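Dear colleague,

Please find below the structure that I am handing over to you. My notes on what was found in it follow directly after.

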Amino acid sequence: MFSKVLVANRGEIACRVIRCLKEMGISSVAVYSEADSRALHVRLADVAALLGPAEPASSYLDAEKIIAAARDTGAEAIHPGYGFLSENAGFAEACQKAGLTFIGPPASAIRALGRKTAARRLMMQAGVPVIPGMERPSSDLGLLTREAARIGYPVLVKATAGGGGKGMRVVATESDLAEAAKTAEAEAKAAFNDGGIYLEKYLDRPRHVEIQVLCDRHGNAVHLLERECSIQRRHQKIVEESPSLALTPELREEMGRAAVAAARSAGYENAGTVEFLVDRNGGFYFLEVNTRLQVEHPVTEMVTGVDLVRRQVEIAAGLPLNLRQEDVRGRGHAIECRICGEDPENSFYPCPGTVLFVHEPTGPFIRNDSGIFSGATVPVEYDPLLGKLIVWAEDRAGAIARMRRALSDYAVLGITTIIPFLSDVLASEPFARGELHTGFIEEHFSGWKPAPPGTDVTALAAYAADELFGGPVKPSPGAGYSEAFASPWRTLGGFRL
Ligand code: MV4
């Protein structure tokens, strides 16, 4: 087993990994940029190495500096977290060459799954259902026209190097194909420096359901059930849950088997997620593999009791999985809300700044994976995810009620967050009825505005503001707090003095 591991990330996921390393008795090395000099992950680690200036290219994306920090601190392995270099095959290889263990899949597996059309071919050979479409990219209009006719309209133009919806265009009729293909190609070239495009049959408002897999280095592979991730805004997940209401036990078993087959076909090792689209008739289709630990991994941990980060470290150290598929059981229902420092009243514009005060909810079956604290700086250079709030209950209704209560207790002053937006999503009838699909937010919340004044101030936030500022404070406009906040002692959340 490793004695020292470097965590090549920041924010909540760096804290998550460092805490796990501590529990395993493994020394942790944090890396940080100048903007993160007082960050929580730096304080939690045993050792911290400064990488350089705030911009990611000079810090968290600088492979050379990260590997040098590992060498200088005597770390034997690197955990990449998610984002940054976590799915960079070149970085995984560079670690290997430097004699460091990359806590993740082999570079070959990252490469095999990184390009959409190659991944689709791999899946077809493995018997994994893929969305009807082209097997190779092309920008030849004649070929695209013939392929679109074969697939049947509506079709979706996708970027082969793409992800997150970039370069995607829905085409309803042949007359729109040329223009859509040209635009998608240009967008893909700009976003990925690869203009490769291909066509798929367009599925109308599918669900996004993903399967967690764990593969050790001795050929053992299991799946750890599914995560329902359809509540997305512009391809950014904001609410995730397990189990998915769309899966029958038979469909769950079939998708689980397909996910394991997908991982094996790529020679996968460590934790990975196979993403599927589930259509309204219960058909499921391979979308892509995420060759990293995901933001939403805690939802799986809460229903299965498996610590995924611990398993990642153990697998990377060469330990056998010692987890049989029949041992994997889901219990109850878990929901995660992503607490982002964005302004939902201003097209979710990121809101960096200083967390003047934060109180995270607690109570039975509440989990906070967060990287902030009162006084923390939220730099403008990085993803606005401040933390994740995860709850568990015996059933979905209980989990919704618990999450709503926890969100109402979550007080963040100084940074605008999407907490009021999340509260309304969780309180909505369509969400309670489980009418989830990838267009949910667009369909029910596109023109969202916060509740009328005087209803959303949490008692704690009012108290904290009074403590901090020594008396009533005017909220910054659009801060999501009501006028009542101006005189906190008059209206305290759920009760009036
Ligand atoms: C699709 C689709 C419908 N039909 N492919 C969005 C980004 C990338 N992950 C794939 N995505 C989609 N691919 C076909 N053939 C709908 C989406 C989609 C989506 C998928 C998952 C989660 C959220 C989404 C939001 C919009 C569109």
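In which strand is the place of Glu240? Glu240 belongs to strand β11, residues 236-242; helices (H or I, at least four residues) and strands (E, at least two) are DSSP runs, numbered from the N terminus.

Before going further, please note that this is a predicted model, in which local features need pLDDT of at least 70 and side-chain atom pairs count only at pLDDT 80 or more, while totals for chains, interfaces and linings use all residues. Residues are numbered from 1 along each chain as its sequence is written, and side-chain values use heavy atoms, with hydrogens and water left out.

**Glu240 and its surroundings**

Glu240 has 0% relative accessibility and therefore counts as buried (buried means under 20% relative accessible area, exposed over 50%, partly exposed in between, with a 1.4 Å probe and protein chains only). Its side chain is joined to that of Arg338 by a polar contact of 2.7 Å. A polar contact is a pair of N or O atoms within 3.5 Å; within protein, one must be able to donate a hydrogen and the other to accept it, and residues adjacent in sequence count only if both atoms are side-chain atoms. Glu240 is also part of a network of salt bridges that links Glu210, Arg227, Lys237, Glu240, Glu275, Glu296 and Arg338.

**Other salt bridges**

A salt bridge here is a side-chain nitrogen of Lys or Arg within 4 Å of a carboxyl oxygen of Asp or Glu. By this rule the count comes to 35. One of them joins Arg205 and Glu443, whose closest N and O atoms are 3.5 Å apart. Arg205 lies in the loop between β8 (197-201) and β9 (207-215), and Glu443 in helix α15 (residues 440-445), so this pair ties together parts that are 238 residues apart in sequence. Arg205 is partly exposed at 31% relative accessibility, and Glu443 is partly exposed at 44%.

A salt bridge is also formed by the side chains of Asp72 and Arg71, at 3.9 Å from N to O. Asp72 is exposed, with 63% relative accessibility, and Arg71 is exposed at 59%.

**Helix α11**

Helix α11 (residues 308-316) is largely enclosed by the rest of the structure, because 8 of its 9 residues are buried. Among them are Leu308, Arg311 and Glu314. At the start of α11, a side-chain oxygen of Asp307 comes to within 3.1 Å of the backbone nitrogen of Val309. After α11 comes Gly318, which has a positive phi, near 90°.

With kind regards
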